[in-house]
Amino acid sequence: TPVDGKRSISRRHARLRREDDHTFSVIEDVGTMNGTFVNGMRLVAGRPTPVASGDTVVFGTIQCRFEIDAD
């Protein structure tokens, strides 16, 4: 896509998961070459990492801000 002109994101790059209690979400890198980062920390493949509203999440070279709607 035009957003990822360097093609740094895989089709199955990472997973976002909301837990059953709906209190938090986690992100998990699935073993990508360019990595996934939360607040500057590179994630270890297969190891879930909590994310909170306002965290910076980077997929390859694309930086995003993780937001959760209070509703």
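Predicted model: local features only at pLDDT ≥ 70, side-chain atom pairs only at ≥ 80, totals over all residues.
Residues are numbered from 1 along each chain as its sequence is written, and side-chain values use heavy atoms, with hydrogens and water left out. The protein has 7 strands and 0 helices, so the elements read β-β-β-β-β-β-β from the N terminus on. Helices (H or I, at least four residues) and strands (E, at least two) are DSSP runs, numbered from the N terminus.

**Overall dimensions**

- The C-alpha trace spans about 35 × 25 × 20 Å along its principal axes.
- The accessible surface comes to about 5200 Å², with 51% of it belonging to carbon and sulfur atoms; areas come from the Shrake-Rupley method with a 1.4 Å probe, and for residues only the protein chains shown count as cover.
- Of the 71 residues, 31% count as buried (under 20% relative accessible area; exposed is over 50%, partly exposed in between, with a 1.4 Å probe and protein chains only).
- Take the contacts between residues at least 6 apart in sequence: 27% of them join residues at least 24 apart. Contact here means heavy atoms within 4.5 Å.

- Three strands make an open sheet in the order 1-2-5, with antiparallel pairing. Two strands pair if DSSP finds at least two bridges between them.
- Strand 1 (14-18) and strand 5 (49-51) are the edges, each pairing on one side only.
- Strand 1 meets strand 2 (residues 25-29) in the antiparallel sense over 5 bridges, and Leu16 stands opposite Ile27 in strand 2.

**Strands 3, 6 and 7**

- Strand 3 (residues 36-38) and strand 6 (residues 56-59) are antiparallel partners over 3 bridges, with Val38 bridged to Val57 in strand 6.
- Strand 6 also pairs with strand 7 (residues 62-65), again antiparallel, over 4 bridges. Phe59 has Ile62 in strand 7 as its bridge partner.
- Strands 6 and 7 form a hairpin with 2 residues between them, and Gly60 in the turn has a positive phi of about 65 degrees.

**The core**

- The largest nonpolar core holds 7 residues: Ile27, Val38, Leu43, Val51, Val57, Phe59 and Phe66. Such a core is a set of buried Ala, Val, Leu, Ile, Met, Phe, Trp, Tyr and Cys residues joined through side-chain atoms within 4.5 Å.
- In soluble globular proteins, nonpolar side chains tend to be buried together.
- Setting aside neighbours within four places in sequence, Val51 is in contact with Ser25, Val26, Ile27, Val38, Val57 and Phe66.

**Two loop residues**

- Gly54 sits in the loop between strand 5 and strand 6 and is partly exposed, with a relative accessible area of 31%.
- Not counting residues up to four places away in sequence, Gly54 touches Arg65, Phe66 and Glu67. The C-alpha atoms of Gly54 and Ile68 are 8.3 Å apart, with the two residues 14 apart along the chain.
- Asn39 is found in the loop between strand 3 and strand 4 (41-42). Asn39 has a positive phi of about 50 degrees although it is not a glycine, and is partly exposed at 47% relative accessible area.
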